[in-house]
Every structure is written in C-alpha cells, then in structure tokens.
Amino acid sequence: VADELASGGIEVCPNTVAKLLKELGYRLKVNAKKLNRQKDPGRDVQFAYIAAMREDFSQAGLPVVSIDAKHRELVGEFKNAGTTWVREPDH
C-alpha cells in the first residue's frame, strides 16, 4: 500500500500504513495451502482408455510410445510465506 501511495506522490512509511489498517479492523492473514483431497472421477477413465489403446496397438503389432507431458507441480505441505490484509478470518 505504501508503494502504491508513493507512486501517486504520497510518501508514507509502511509502518504507518500497517497501523492505520489495524485501526480500520484489518489483520494480517497468513496464506494457507489447500490440498485437494478429492479424487477426480475422470482420471481413472483416462488411464483405462490409454491402457486399452496400448493393448490394441500392441496386439496389432504397432509401436507404442510413452510420453510424459503432464504439468509439474509441487505436491504436499510446502510453505507459502505470503500474507494479506483481511477484516474477517476464514473459517
């Protein structure tokens, strides 16, 4: 907020901004990682289709090539140290 105010010609200390936000009822909230615990119902269908196609090609004597083209992402409880100002906590 202090940087945005400075870009508009208003110089203010970040500590002053924090103090004013607290007086207005805002609090810092730490980011929390939300894990998707539900299984995607279409995922098993995809793998069953791929397995059937591989079997069909193998039986026909055609080559089968395996390519891993999925998007890489971190899985698990990784720290996200960011914070944001909010009035009400998430429940």
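A residue is called buried when its relative accessible area is under 20%, exposed when this area is over 50%, and partly exposed in between, with a 1.4 Å probe and protein chains only. C13 is partly exposed, because its relative accessible area is 38%. The structure is a predicted model, in which local features need pLDDT of at least 70 and side-chain atom pairs count only at pLDDT 80 or more, while totals for chains, interfaces and linings use all residues. Residues are numbered from 1 along each chain as its sequence is written, and side-chain values use heavy atoms, with hydrogens and water left out.

**Confidence**
- The average pLDDT of the chain, the predictor's confidence in each residue from 0 to 100, is 82, and 85% of the residues score at least 70.
- Where pLDDT is low, the predicted coordinates should not be read in detail.

**Architecture**
- The chain has 3 helices and 2 strands, which are DSSP runs numbered from the N terminus (helices H or I, at least four residues; strands E, at least two), and along the sequence they follow the pattern α-α-β-α-β.
- Of the contacts (heavy atoms within 4.5 Å) between residues at least 6 apart in sequence, 74% join residues at least 24 apart.

**Helix 3**
- Helix 3 (residues 41-59) has 19 residues and spans 29 Å from its first C-alpha to its last, close to the 27 Å expected at 1.5 Å a residue, where the expected span is 1.5 Å times one less than the number of residues.
- After helix 3 comes G61, which has a positive phi near 75°.
- F57 lies in helix 3 and counts as partly exposed because its relative accessibility is 34%.

**Surface**
- The chain exposes about 8,700 Å², of which carbon and sulfur atoms supply 55%, with areas taken from the Shrake-Rupley method and a 1.4 Å probe.
- Buried residues make up 4% of the 91 residues in the chain.

**Two loop residues**
- N31 sits in the loop between strand 1 (27-30) and helix 3, and it counts as partly exposed because its relative accessibility is 30%.
- Although N31 and T83 are 52 residues apart in sequence, their C-alpha atoms are 5.7 Å apart in space.
- C13 sits in the loop between helix 1 (2-7) and helix 2, and its C-alpha is separated by 9.8 Å from that of V1, 12 residues away along the chain.
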